[in-house]
Amino acid sequence: MIIDKLSNAKLYYGVHPRIQKGLEYLIEHDLNSMAPGKYEIDGLHLYVLIEEYETMPKEQGRWESHRKYADIQYMISGQERMGYSTIEGMNLIERHEEKDHFYFEGSGDLLLVKQGSFAIFLPEEAHMPQISDSTPQSIKKAVVKILID
């Protein structure tokens, strides 16, 4: 997992070429004006989801991971807590291989991700997004999905 401000994105360009492209996309586009939905950057290899929602209490959150895709979760507006853990020691409770979604029970750390910051979750790292910091709030977030092959 990586967590940082978008202004420091260039520090992570060497992690993977598509992570670089995804971070560049976040920097170069007016994300505030984009409507919720899916936007292709490079077909199924690289795309972004613009999401708007209300954060929720930790008790309503779900641990998830992916096997094929990394996520860059960028806070366009608002802030939320994002859970992080490795999948070792967690119990797999649901799998959707065709959608690359795996759900777990377990525990981990909750980190605050503020407006203008991003978190990168690599394949098989468990994360729990959409958690309220103290009270529910409206969020606008970009999730860049990056095929790691």
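Accessible areas were computed by the Shrake-Rupley method with a 1.4 Å probe, and for residues only the protein chains shown count as cover. On this basis the accessible surface of the protein chain is about 7600 Å², with 47% belonging to carbon and sulfur atoms. The model is predicted: local features need pLDDT of at least 70, side-chain atom pairs count only at pLDDT 80 or more, and totals for chains, interfaces and linings use all residues. Residues are numbered from 1 along each chain as its sequence is written, and side-chain values use heavy atoms, with hydrogens and water left out.

Of the 149 residues, 46% count as buried (buried, under 20% relative accessible area; exposed, over 50%; partly exposed, in between; 1.4 Å probe, protein chains only).

Six strands form an open sheet in the order β1-β10-β5-β12-β3-β2, with antiparallel pairing; two strands pair if DSSP finds at least two bridges between them. β1 (2–5) and β2 (37–42) stand at the edges with a single partner strand each, so one side of each has no neighbour in the sheet. Within the sheet, β3 (residues 46–54) and β12 (residues 138–147) are joined in the antiparallel sense by nine bridges, and E51 stands opposite K141 in β12. Helix α1 (residues 17–28) lies across β2, β3, β5 (69–77), β10 (117–121) and β12, and runs at about 150° to β12. Axes are lines fitted to C-alpha atoms, for helices over the stretch in contact (heavy atoms within 4.5 Å), with angles from 0 to 180 degrees between N-to-C directions.

Eight salt bridges were counted, each defined as a side-chain nitrogen of Lys or Arg within 4 Å of a carboxyl oxygen of Asp or Glu. Among them, D133 and R81 meet at 3.0 Å, N to O. This pair links distant parts of the chain, with D133 in the loop between β11 and β12 and R81 in strand β6 (residues 80–86), 52 residues apart. D133 is partly exposed at 29% relative accessibility, as is R81 at 23%.

Definitions and conventions:
Helices (H or I, at least four residues) and strands (E, at least two) are DSSP runs, numbered from the N terminus.
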